[in-house]
Amino acid sequence: MTESNFEKPLRRPRYRGAHPRQFDQKYKERNPGKYAAEVEKVVASGKTPAGTHRPIMVREVMEFLAPQPGSIALDCTLGFGGHAQELFARVQPGGKLIAIDADPLELPKTEARLRSCGFPENSLIVRRMNYAGVLQLMLSEQPDGADVLLADLGLSSMQMDNPARGFTFKADGPLDMRMNPAHGQPVSAFLSKISEQKLAFLLKNNADEPLASTLARSILQAHNQTRLMTTSALAAVVRQVMVLQSRRLSDTPDDAVRRVFQALRIAVNDEFGSLDAFLKQLPNCLKPGGRVVILSFHSGEDRRVKKAFKDGLRDGFYTSISEDVVRPSMEEQRGNPRSCSAKLRGAVRSSNATRSTIDPAK
């Protein structure tokens, strides 16, 4: 047999240094079943393994929700399933977990992990959808409502770390940022249609960006000249503006890049619109005495949650709400830096408020 008849085995891509840096090189982190020890090392170093997500404030969430065997639990943002797995176990035996998420890429993986837990098949209902339509789901699947409900807002680590999704500026990727790549328009198309004034408003409203007008002008000028199609291209424009502005040292160019990416991600996914719709429907999704916890990660989200809970308490939809926001412990923040911005708020639905008195349209 000649040498040409032999097929050389495929080798993994080489990378510089002792440790992989790019997402697609971190094959061990992305396969925890085979490389559990490697994943433990990454977690012990205070990092999140590639392709996974570390649930935040699990103890605090469970203490407030207090799920019991036989309860109905609703996870409105399934993600990697860290919180859901804990809820799923605590409502057994006899309970049910209803879980939803809009991401068509991650949802099947998480559902497979949950179904491998060994609980009865009919104790888990998984639907791909945005939580803005959660009330219709509950009316069809569980008309009496849920005993406990969780919404973990914002971006998951799986989405954030994968350059192909366009959420991160740490590696080059398409300027996309859609939670569901099959719907809506990517950021690259969004920038082609928005005015400078509207973009400045979004940067201020969605991310509290102090240089909103300056950045909006520069981003659209660059986009009109060369069409910003990648995350690196957009990040470079923002960094250039920040260097020219000579911002204070405590506010680095990358801080501004994060804010710009956050504002655009919120806009193309209509995250605030979905959150507002969800908060209006929320009381109707709970049984009398049902408990809800919402985790938010920036001021725009937290302001909406805080106001909705206060308004609900005033109008008699809730009997109690969190008096103060709960934050991750210092230990958790050191072990998982991505938890640092998290805020937890909870509420308990009134036993006197019926669906006829709770009007989501108000």
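Biologist: In which sense do β6 and β7 pair?

Modeller: This is a predicted model. In general, strands of a sheet pair through backbone hydrogen bonds, either parallel or antiparallel. In this model three bridges join β6 and β7, and their sense is antiparallel.

Biologist: Which residue of β7 is the bridge partner of Ser320?

Modeller: Ser320 has its bridge partner in β7. That strand covers residues 343–349. The partner is Val348.

Biologist: Which residue stands opposite Ile294 in β7?

Modeller: β5, residues 286–296, also pairs with β7, over six bridges in the antiparallel sense. Within β7, the residue opposite Ile294 is Arg345.

Biologist: What is the order of the strands in the open sheet?

Modeller: The sheet has seven strands and mixed pairing. Its order is β3-β2-β1-β4-β5-β7-β6.

Biologist: Which are the edge strands?

Modeller: An edge strand here pairs on one side only. This applies to β3 (124–128) and β6 (318–321).

Biologist: At about what angle does helix α2 run to β5?

Modeller: Helix α2, residues 58–65, lies across β4, β5 and β7. Angles are taken between N-to-C directions, from 0 to 180 degrees. For α2 and β5 the angle is about 165°.

Biologist: What share of the residues counts as buried?

Modeller: A residue is buried if its relative accessible area is under 20%. Of the 362 residues of the protein, the buried share is 48%.

How values were computed: Residues are numbered from 1 along each chain as its sequence is written. This is a predicted model: local features need pLDDT of at least 70, side-chain atom pairs count only at pLDDT 80 or more; totals for chains, interfaces and linings use all residues. Side-chain values use heavy atoms; hydrogens and water are left out. Two strands pair if DSSP finds at least two bridges between them. Helices (H or I, at least four residues) and strands (E, at least two) are DSSP runs, numbered from the N terminus. Buried means under 20% relative accessible area, exposed over 50%, partly exposed in between (1.4 Å probe, protein chains only). Contact means heavy atoms within 4.5 Å.
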